[in-house]
Amino acid sequence: MTARKWLLAAGFLLSATFLAAILWRMDWPVFVAEFRNLQYVWLGAALIFIVFGMALRALRWGLAAGMPMIAFPAFWNSAVIGIALNQIYPLRAGEVIRIFALRKMASVPLGQAATSALIDRLADALLLGVCAVAVVATHTGLPYAENLAVVTLIVAVAALMTIILFGKGDHIWRRWSTRWGGRVPAKFAERIQRFYAGAVQTADQIASPIRLGKILVLTAIVFVCDIAVFFTVIQSFGWTLPTIAPVTVLVFLAIGTSLPAAPGYAGVYQLACVLALALFGVAESSAVAYSIVLQICVLVTIVPLAALAAAAHREELNAVRSELAKAG
């Protein structure tokens, strides 16, 4: 069995285990009562913040790629398709598909699309590390949390610095690329050179303090939108929780959804919300209700937008599917 199949099997097993444990401990009357008290105005606000967050992520991705604003629709369509597929398929398949989709929709080199997508995710990891440090500072005594938060922050900073150095060291890496490219068939050597050229050009662009600053500012605003989503869903249940509560949910969900899981992060999503909200005295059954409402808000926003994008770019996505099928 391949590594991918082992990961899929592990994800389904993990999700099933978490779901079984959660359902076994459920207080069903409390769970049902939480849905009766929902305030839907707050949920409407959550949907708006989800859309804003996605739009800003697409804008940031375009900035990382060094593309003009006229290319924003291609980044938006690729981003929403990728986010939707991450929610539906296991192993974050949307991360790969959005790169190939952008390559087709915006006619950018694969190296440029891949490197800018990596920068996009590293910016998220950097701010996630900051949020994790804030959560740890508030909740003392969480096992291994302080080390995990610091490591996340350090790794994100180190990775961004590595990308900048990669862009600045073109004269060094190009010699290596040319030397190794000469040892493979001409067809593959040409592809390696094209990928390298797009990657190094993109990496060099974020070495600009102004561009990097814009990316980090956009990332901060994106996280404000994400935190606002968690906050508004908390408000929809009528709970009065500290300001750090939605930040805590964000950090726990980011950690949970990085694990192998069944489609839709079933079980993992619920456990992350239960653990995060338990720090504020929210009952397990109420936290499960919160996780389900949150997931529904995300899905009813993302899936229709992704469906519209996919319908408008059917040919490009068919080409992506064929290319990925040939690759593996």
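How many helices and strands are there in the protein chain? The chain has 14 helices and zero strands. The model is a predicted one. Of the 328 residues in the protein chain, 45% are buried. Among contacts with a separation of 6 or more, 76% join residues 24 or more positions apart. The chain exposes about 16,500 Å², and carbon and sulfur atoms supply 71% of that area.

**Aromatic pairs**

A search of the whole structure finds seven aromatic pairs. Two of them are listed here.

| Pair | Centre to centre | Angle between the planes | Arrangement |
|---|---|---|---|
| Trp 28 and Phe 31 | 5.5 Å | 85 degrees | edge-to-face |
| Trp 61 and Phe 75 | 5.4 Å | 85 degrees | edge-to-face |

Trp 28 and Phe 31 are separated by about one helical turn, because they lie three residues apart in helix H2 (residues 28–36). Trp 28 is partly exposed, with a relative accessible area of 44%, whereas Phe 31 is buried at 12%. Ring pairs join Trp 28, Phe 31 and Phe 35 into a cluster.

The pair of Trp 61 and Phe 75 links distant parts of the chain: Trp 61 belongs to helix H3 (residues 40–65) and Phe 75 to helix H4 (residues 72–88), 14 residues apart. Both Trp 61 and Phe 75 are buried.

**Arg 98**

Arg 98 is in helix H5 (residues 93–106). Its relative accessible area is 4%, which is under 20%, so Arg 98 counts as buried. The charged end of Arg 98 sits over the ring of Trp 61, 4.4 Å from the ring centre. The side chain of Arg 98 also makes a polar contact with the side chain of Glu 95 (3.2 Å). Leaving aside residues up to four places away in sequence, Arg 98 touches residues including Ser 78, Gly 82 and Asp 120.

Technical notes. Residues are numbered from 1 along each chain as its sequence is written. This is a predicted model: local features need pLDDT of at least 70, side-chain atom pairs count only at pLDDT 80 or more; totals for chains, interfaces and linings use all residues. Side-chain values use heavy atoms; hydrogens and water are left out. Helices (H or I, at least four residues) and strands (E, at least two) are DSSP runs, numbered from the N terminus. Buried means under 20% relative accessible area, exposed over 50%, partly exposed in between (1.4 Å probe, protein chains only). A polar contact is a pair of N or O atoms within 3.5 Å; within protein, one must be able to donate a hydrogen and the other to accept it, and residues adjacent in sequence count only if both atoms are side-chain atoms. Contact means heavy atoms within 4.5 Å. Accessible areas come from the Shrake-Rupley method with a 1.4 Å probe; for residues, only the protein chains shown count as cover. Rings of Phe, Tyr and Trp (its six-membered ring) pair if their centres lie within 6.5 Å; planes under 30 degrees apart count as stacked, over 60 as edge-to-face and the rest as tilted. A charge sits over a ring if NZ of Lys or CZ of Arg is within 6 Å of the ring centre and within 35 degrees of the ring normal.
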